[in-house]
Amino acid sequence: MALNIITRMNNDDLRMDGFSLASFLSAAAGILTMETGKQLHGYSLKSGLGSWISVSNGLVDLYGKCGTIHDANRAFREIREPDSVSWNGLIFGLASNGHVYSALSAFEDMRLAKVEPDQITFLLVLYACSHGGLVDMGLDYFHSMREKHGIRPQLDHYICLVDLLGRAGWLEEAMNVIETIPFKPDALIYKTLLSACKLHWNIPLGEQMARQGLELSPSDPAFYVLLANLYDNSGQSELGEETRRMMREKGVRKNPGQSWMETRNMVHLFTAGDTSHAQIGKIHDKIESLITQFRDQGIVYQENTALVHHSEKLAVAFGLFSKPEKAPIRIIKNIRICRDCHEFIMNVTMLVDREIIVRDGNRFHSFREGECSCRGYWLGKAKVKFYHQDSSVLERFSKNETTVRSCEMVSMLRSFVNKLNEVP
């Protein structure tokens with residue numbers, strides 16, 4: 001909607017000022033419309049509005065969110081006196097694109113420049129540490145908020161702290177944070193730890209987080225989906241199916257996976273399993289062709305027919321034949337990318353000489369030459385290595401007492417949801 005206003009302004013012969021230009025840059029960054037963003041950048045240079053700090057900050061934000069860190073850095077360096085918003089935009093762009101150490105280095109440069117970090121700055125620093133697995137550094141930064149900068153951590157900072165600890169497998173420590181925070185926990189903090197339990201196969205704590213989270217947000221599908229996936233990952237697929245069945249019975253529906261991308265100044269939307277796109281036949285053929293090339297090239301990929309038409313796969317296939325050769329493909333995903341699609345896109349970049357950037361509901365993934373900027377930390381590769389080294393952990397999850405306790409959890413969860421629905 002905001003970008004449509006540009007066309008209307010041009011038709012009415014109205015010129016943008018610094019306020020409107022900064023707003024349009026923000027809108028372009030929000031949906032990764034790089035082509036429109038570059039046009040706005042050009043307008044800022046021609047009009048002289050690039051000297052506005054809000055416009056300069058908008059350019060840093062735009063290029064950071066579109067995954068072109070070189071351009072984000074250049075836009076930042078052109079700011080005569082960067083303010084906290086400028087630094088925050090640079091730190092976020094670096095951290096979200098996998099340049100964790102560069103993000104933390106930028107934070108230190110910010111302090112050396114005598115620009116005082118704010119609450120948002122520390123959220124971004126904790127985010128960087130969490131996505132880089134830098135637990136000790138993250139804890140140091142968290143404690144420095146109050147001790148060195150006089151900033152009182154808010155609930156969002158504690159959620160980042162739980163994410164930092166949980167991703168690294170420090171589940172008991174993360175639970176201790178929830179139990180001792182000086183705020184009333186919200187559904188998101190329970191969801192965050194439940195997600196970590198899924199990553200590290202901790203059924204008892206995951207069940208506890210699902211139960212407490214549903215008390216606060218009984219219609220949130222994420223708790224059901226995460227718990228069901230936790231059961232699946234831990235070898236308790238029957239409990240996963242029971243959880244999904246309960247979800248259907250209660251009329252709770254998860255958000256459909258959707259991806260969108262811009263090409264030739266048009267935004268194309270893709271939904272998982274959807275066949276409404278004008279070129280859907282060509283898109284499906286491209287996906288099958290890519291999978292065939294995987295096999296021919298000896299690239300390991302286990303095709304899952306249930307996931308073959310996920311929205312990000314549709315968008316990638318469309319981008320390969322609709323965008324110029326070697327041009328980057330930029331995709332937005334409304335929810336977190338799944339493992340299968342992550343592996344699929346990594347394999348695609350082993351076949352084609354171009355970068356594929358996916359901004360999902362959790363972070364940016366920049367795929368190039370068979371690698372991703374998340375460096376496997378999102379996939380929990382450290383966890384996989386640990387379990388391969390200690391087979392007794394796998395055996396523990398197959399023991400009868402775990403199955404009985406989990407069956408009781410599903411029964412309790414069903415009873416709990418029924419009681420919630422009875423409340424007028």
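This is a predicted model: local features need pLDDT of at least 70, side-chain atom pairs count only at pLDDT 80 or more; totals for chains, interfaces and linings use all residues.

Q: How many helices and strands does the secondary structure of the chain come to?
A: Helices (H or I, at least four residues) and strands (E, at least two) are DSSP runs numbered from the N terminus, and the chain has 21 helices and six strands. Of its 424 residues, 51% are buried, where buried means under 20% relative accessible area with a 1.4 Å probe, protein chains only.

Q: What describes two packed helices?
A: The description consists of the angle between their axes and the distance between the axes. Axes are lines fitted to C-alpha atoms over the stretch in contact, and angles run from 0 to 180 degrees between N-to-C directions. Helix α10 (residues 155-167) packs with helix α11 (residues 171-180) at about 165°, their axes being 8 Å apart, which makes α10 roughly antiparallel to α11 (angles over 145 degrees count as such, and those under 35 degrees as roughly parallel).

Q: Which residues of α10 and α11 make the contact?
A: With contact meaning heavy atoms within 4.5 Å, Y158, L161, V162, L165 and G166 of α10 meet L171, E173, A174, V177 and I178 of α11. By class, these comprise eight nonpolar, one polar and one charged residues (Ala, Val, Leu, Ile, Met, Phe, Trp, Tyr, Cys and Pro count as nonpolar, Asp, Glu, Lys and Arg as charged, and the others, Gly among them, as polar).

Q: At what angle do α7 and α9 pack?
A: Helix α7 (residues 100-112) and helix α9 (residues 135-149) pack at about 20°, with axes 14 Å apart, and are therefore roughly parallel to each other. Here L104, F107, E108 and R111 in α7 meet M137, Y141 and H149 in α9, a contact of four nonpolar, one polar and two charged residues.

Q: Is S322 buried or exposed?
A: S322, which lies in helix α17 (residues 311-322), is buried, with a relative accessible area of 7%. The side chain of S322 reaches the backbone oxygen of F318 at 2.7 Å, and, leaving aside neighbours within four places in sequence, S322 is in contact with T263 and R264.

Technical notes: Residues are numbered from 1 along each chain as its sequence is written. Side-chain values use heavy atoms; hydrogens and water are left out. Buried means under 20% relative accessible area, exposed over 50%, partly exposed in between (1.4 Å probe, protein chains only). A polar contact is a pair of N or O atoms within 3.5 Å; within protein, one must be able to donate a hydrogen and the other to accept it, and residues adjacent in sequence count only if both atoms are side-chain atoms. Angles under 35 degrees count as roughly parallel, over 145 as roughly antiparallel, 65 to 115 as roughly perpendicular and the rest as oblique.
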